[in-house]
Amino acid sequence: MSGTISLKIEFGGGLELLFSNQRSHRVTIPALVPAASSSSTSSSSTAQTAQDEAGAEKKKPADLAYLIFWLRDNLLKEREELFIENGTVRPGILVLVNDADWELEGEGEYQLKDGDEIVFISTLHGG
C-alpha cells in the first residue's frame with residue numbers, strides 16, 4: 001500500500017480566486033492521517049519511539065474533511081471564511097467527488113482514493 005494519495009482538485013465559480021487564480025491543482029496527500037480526537041496529546045504507555053509510534057498510533061484513512069483543511073493550510077491564499085465555515089466548506093459551495101455530489105458519497109467522511117477528482121464550485125456570486 002502506498003503512503004500517499006494523488007488527487008486532482010478543481011475550483012470554479014470564482015473560488016479559484018482564493019487559490020492563486022488557478023482552477024486545477026494536482027496534489028499528493030498522506031494516505032493515513034491523524035485521527036481527529038479531542039485529545040491529540042494523549043499518548044500510550046509504550047511511547048518508546050516517539051516519532052514513529054506517536055504518529056502511527058491513531059491514524060485513519062484520509063477523507064474529504066481532512067482534504068478541506070489540507071487545502072486551507074497548503075493552497076488557500078486568502079479569505080479562509082469564503083471557503084470554510086463551521087469546520088466544513090461553507091454553504092453555497094458544491095463539492096463533487098468524481099462527478100457525483102459529495103452528499104451521495106458521505107460528505108466529509110468519504111475516504112479518498114488515489115486518482116480521485118474533487119471539484120469545488122461556488123454558487124455565490126455578486127450582483
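Modeller: Buried means under 20% relative accessible area, exposed means over 50%, and partly exposed lies in between (1.4 Å probe, protein chains only). This is a predicted model, where local features need pLDDT of at least 70 and side-chain atom pairs pLDDT 80 or more, while totals for chains, interfaces and linings use all residues. Residues are numbered from 1 along each chain as its sequence is written, and side-chain values use heavy atoms, without hydrogens or water.

Biologist: How much of the chain is buried, then?

Modeller: The chain has 127 residues, and buried residues make up 31% of them.

Biologist: Which residues touch the most other members of the largest nonpolar core?

Modeller: That core holds 30 residues, and those touching the most other members are Ile9, Leu67, Leu71, Phe83, Leu112, Ile118 and Phe120. A nonpolar core here is a set of buried Ala, Val, Leu, Ile, Met, Phe, Trp, Tyr and Cys residues joined through side-chain atoms within 4.5 Å.

Biologist: Which elements give two or more residues to it?

Modeller: Two or more residues come from each of β1 (4-12), β2 (24-30), α2 (64-74), β7 (93-97) and β9 (117-122). Among these, α2 gives the most, with five residues.

Biologist: Let's change topic: how many salt bridges are there?

Modeller: Seven salt bridges are found in the whole structure, each being a side-chain nitrogen of Lys or Arg within 4 Å of a carboxyl oxygen of Asp or Glu.

Biologist: What does Glu16 pair with?

Modeller: Glu16 forms a salt bridge with Arg23, and their closest N and O atoms are 3.5 Å apart. Glu16 counts as buried because its relative accessible area is 8%, whereas Arg23 is exposed, since its value is 51%.

Biologist: And which residues are linked in a network of salt bridges?

Modeller: Arg72, Asp73 and Glu80 are linked in such a network. Within it, the closest N and O atoms of Glu80 and Arg72 lie 3.7 Å apart. Glu80 counts as partly exposed because its relative accessibility is 37%, and Arg72 is also partly exposed, at 25%.

Biologist: What about Glu85, what is its partner?

Modeller: Its partner is Arg90, with 3.8 Å between the closest N and O atoms. Glu85 is partly exposed, with a relative accessible area of 31%, and Arg90 is partly exposed as well, at 22%.

Biologist: Now the backbone: what is the phi of Arg79?

Modeller: Arg79 has a positive phi of about 55 degrees, although it is not a glycine. Most residues other than glycine have a negative phi. Arg79 lies in the loop between α2 and β5 (84-85), and is partly exposed because its relative accessible area is 45%.

Biologist: And what is the phi of Glu107?

Modeller: Glu107, again not a glycine, has a positive phi of about 50 degrees. Its place is in the loop between β8 (100-101) and β9, and it counts as partly exposed, since its relative accessibility is 35%.

Biologist: Last one: where does Pro91 lie?

Modeller: Pro91 lies in the loop between β6 (88-89) and β7, and it is exposed because its relative accessible area is 55%. Its C-alpha atom is separated by 9.0 Å from that of Leu124, which is 33 residues apart from Pro91 along the chain.

Technical notes:
Helices (H or I, at least four residues) and strands (E, at least two) are DSSP runs, numbered from the N terminus.
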